[in-house]
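Reader: Please take me through this model feature by feature. For each one, give me the general idea and then the case at hand.

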Amino acid sequence: MRSLIVPAILAGIGLAAFTPLVAHADVTGDTFIENYSWPQPGSTVCSSGTFVAGSTSVTDCQGAFTYSITNDQLTFTYLDEDSGSYWSDAPFNGPIFTDLSESLAGYTATLDPSSTEPDYLNTVLTISGSSLYVNWQGEGINAGDTVVVDLSNTVGATPEPSSLMLLGTGLLGVAGITRRRLFGWAR
C-alpha cells in the first residue's frame, strides 16, 4: 500500500501544475458591445456591435474615435478632424461598454494620468452591473487626443472548481494518512 502513496502524491503535484488556480480576474477574452448614447444613457444613437477584449482596436459607430480594451485598460484615440470642438452638453454624451461575458460589479474605473487631453479629467466614469459608462458631456476634443481608463478588479480572485476539488482530494489524502498512523493499519 505504501507503494501507492508516492505515485498518488506525484499525480497530485502534476495535476496542480496544470490546473488554473484562479477564475477570470480581468476582462481579456470577454465579449463587449459598445453603444453610443445621447442625451440620456438609454437613448442609443448607434452601436459598433460586439468585439472581444484584448483582440483588436475598434472604430466607434460614428467614426469619431478608436478604442481598445486590454486586461486592465480602455484606450480611446480621437480621430475626428473637428479639433477644438466639444461634446455637446447633455445629461449623458458618450459610449457605454457592456460586458456580455460577466458582471463588472467588482471593478473600478479611473482616468489614467497618461491621457493626453487635460479636459478629460472631468470625464465621469460609472460602472453599473455589466456596463461601463463614459460620459464626455462638455469635454473638449482635439484630433489625436488619447484617453486611457484604468480598470481595476477590486474583488479577490475566485478559485476554480477544479482547484477546490484538487484541494479537497489532497485534504482527504492527508486525513487518510493521519488516520492510518493514529489508529494503525489493520490487515
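This is a predicted model: local features need pLDDT of at least 70, side-chain atom pairs count only at pLDDT 80 or more; totals for chains, interfaces and linings use all residues.

Reader: What percentage of the residues count as buried?

Author: Buried means under 20% relative accessible area, exposed over 50%, and partly exposed in between (1.4 Å probe, protein chains only). Of the 187 residues, 30% count as buried.

Reader: Which residues touch the most other members of the largest nonpolar core?

Author: A nonpolar core is a set of buried Ala, Val, Leu, Ile, Met, Phe, Trp, Tyr and Cys residues joined through side-chain atoms within 4.5 Å. The largest one holds 27 residues, and Phe65, Ile69, Leu74, Phe76 and Phe97 touch the most other members. Several strands each supply at least two residues of this core, among them S1 (31-37), S2 (44-52), S4 (65-69) and S12 (146-153).

Reader: What does Phe65 touch?

Author: Contact means heavy atoms within 4.5 Å. Not counting residues up to four places away in sequence, Phe65 touches residues including Tyr36, Asp60, Phe76, Trp87 and Trp136.

Reader: Is Asp60 buried or exposed?

Author: Asp60 has a relative accessible area of 3%, so Asp60 is buried. It lies in the loop between strand S3 (58-59) and S4. Beyond four places in sequence, Asp60 touches Glu34, Ser48, Phe65 and Tyr67. Its side chain also reaches the backbone nitrogen of Ala64 at 2.7 Å.

Reader: Which side chain makes a polar contact with that of Asp150?

Author: A polar contact is a pair of N or O atoms within 3.5 Å; within protein, one must be able to donate a hydrogen and the other to accept it, and residues adjacent in sequence count only if both atoms are side-chain atoms. The side chain of Asp150 makes such a contact with the side chain of Gln73 (2.9 Å). Asp150 is in strand S12, and counts as buried because its relative accessibility is 18%.

Reader: Which residues form a nonpolar patch on the surface?

Author: Like charges are joined within 9 Å, and nonpolar side chains (Val, Leu, Ile, Met, Phe, Trp, Tyr) within 5 Å. Here Leu164, Leu167 and Leu171 form a nonpolar patch, with about 310 Å² of accessible area together; such areas come from the Shrake-Rupley method with a 1.4 Å probe, and for residues only the protein chains shown count as cover. Leu164 is in helix H2 (residues 161-183), and counts as partly exposed because its relative accessibility is 48%.

Reader: Where is the cis peptide bond?

Author: It joins Trp38 and Pro39, with omega about 0°. Pro39 is found in the loop between S1 and S2.

Key: Residues are numbered from 1 along each chain as its sequence is written. Side-chain values use heavy atoms; hydrogens and water are left out. Helices (H or I, at least four residues) and strands (E, at least two) are DSSP runs, numbered from the N terminus. Patches are made of residues with over 30% relative accessible area and no salt bridge: like charges are joined within 9 Å, nonpolar side chains (Val, Leu, Ile, Met, Phe, Trp, Tyr) within 5 Å. A salt bridge is a side-chain nitrogen of Lys or Arg within 4 Å of a carboxyl oxygen of Asp or Glu.
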